[in-house]
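Have the viewer open as you read.

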Amino acid sequence: MSDLYDSDFYSWTQQQAHLIREGRTAELDLQNILEELESMGRNDYRALQSRLTVLFMHLLKWQYQPERREQGSSWERTIKEQRKQILRLLADSPGLKGKLTAMLPTAWNRALEDAQDETGLPISTFPQTCPWSFQQVVDKTFWPS
């Protein structure tokens, strides 16, 4: 069964689904199923952290480069889209809410590096810890001044 997992992942998934539907649990490839389930959870975690990083970076650019803001700008669209996607991820995987405390500092630090790269401003320009609450950054009415 592991050979199929390595050579034809799609067929392996269909086979495992069929075995489950048939109640033939003794024949399941449990080790690879376990790895896939863990991987799915890690993917959601990474997706949320990535979206938070992008959101933080664009909020920083919005705040620290007001002269580059414009109505309907790509920054504004990106901020709105990241907020929507973050809330969707949390709605689909509410267990991730308990991971936010650990996730936010990493996302913030990555956003600082990205904001420095994109703005050309020294990293010391930006606060070293996030000055906003999670609720603020996902609130569609919040725009840092």
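## Met57, a buried spot on α3

Met57 has a relative accessibility of 6%, which is under the 20% cut-off, so Met57 counts as buried. Keep in mind that this is a predicted model. Met57 belongs to helix α3.

Along the chain, Met57 and Pro144 are 87 residues apart, and their C-alpha atoms are separated by 12 Å.

Thr53 is another α3 residue, and with 8% relative accessibility Thr53 counts as buried. What does Thr53 contact beyond its neighbours within four places in sequence? The partners are Ala107, Arg110, Ala111 and Asp114. There's also a polar pairing to look at: a polar atom in the side chain of Thr53 lies 2.9 Å from the backbone oxygen of Gln49.

That brings us to Gln49, which sits in helix α3 and is buried, at a relative accessible area of 8%. Leaving out neighbours within four places in sequence, Gln49 is in contact with Met103, Thr106, Ala107 and Arg110. Gln49 and Leu104 are 55 residues apart in sequence, yet their C-alpha atoms are 7.5 Å apart in space.

Then there's Lys61, also found in helix α3. Is Lys61 buried or exposed? Lys61 is buried, since its relative accessible area is 5% and the cut-off for buried is under 20%. Setting aside neighbours within four places in sequence, Lys61 contacts Trp75, Glu118 and Thr119.

## α3 against α5

Two packed helices can be described by the angle between their axes and the distance between those axes. For α3 and helix α5 (residues 100–119), the axes come within 7 Å and cross at roughly 45 degrees. That angle makes α3 oblique to α5, and the crossing is right-handed.

How do the residues of this contact divide by class? Where α3 meets α5, 15 are nonpolar, four are polar and four are charged.

Ala102 has 54% relative accessibility, so Ala102 counts as exposed. Ala102 and Asp29 are 73 residues apart in sequence, with 33 Å between their C-alpha atoms.

## α3 against α4

Next up is the pairing of helix α3 (residues 30–64) with helix α4 (residues 74–92), whose axes come within 9 Å and cross at roughly 150 degrees. Because angles over 145 degrees count as roughly antiparallel, α3 and α4 are roughly antiparallel to each other. The handedness here is left-handed.

Which residues make the contact? On the α3 side they include Asp44, Leu48, Arg51, Leu55, His58 and Lys61, and on the α4 side they include Trp75, Ile79, Gln82, Arg83, Ile86 and Leu90. By class, the contact of α3 with α4 has 12 nonpolar, four polar and five charged residues.

Lys84 is placed in helix α4. With a relative accessibility of 43%, Lys84 counts as partly exposed. If you jump to Tyr5, you'll find a residue 79 places from Lys84 along the chain; the two C-alpha atoms are separated by 35 Å.

## α2 against α3

Last pairing: helix α2 (residues 9–22) and α3 have axes that come within 12 Å and cross at roughly 105 degrees. Angles from 65 to 115 degrees count as roughly perpendicular, so α2 and α3 are roughly perpendicular to each other.

The contact is made by Phe9, Trp12 and Gln16 from α2, together with Asn32, Ile33 and Glu36 from α3. Sorted by class, the contact of α2 with α3 has three nonpolar, two polar and one charged residues.

Note on methods: Residues are numbered from 1 along each chain as its sequence is written. This is a predicted model: local features need pLDDT of at least 70, side-chain atom pairs count only at pLDDT 80 or more; totals for chains, interfaces and linings use all residues. Side-chain values use heavy atoms; hydrogens and water are left out. Axes are lines fitted to C-alpha atoms, for helices over the stretch in contact, and angles run from 0 to 180 degrees between N-to-C directions. Helices (H or I, at least four residues) and strands (E, at least two) are DSSP runs, numbered from the N terminus. Angles under 35 degrees count as roughly parallel, over 145 as roughly antiparallel, 65 to 115 as roughly perpendicular and the rest as oblique. A crossing is left-handed if the near helix is turned anticlockwise from the far one by less than a right angle, and right-handed if clockwise. Contact means heavy atoms within 4.5 Å. Ala, Val, Leu, Ile, Met, Phe, Trp, Tyr, Cys and Pro count as nonpolar, Asp, Glu, Lys and Arg as charged, and the others, Gly among them, as polar. Buried means under 20% relative accessible area, exposed over 50%, partly exposed in between (1.4 Å probe, protein chains only). A polar contact is a pair of N or O atoms within 3.5 Å; within protein, one must be able to donate a hydrogen and the other to accept it, and residues adjacent in sequence count only if both atoms are side-chain atoms.
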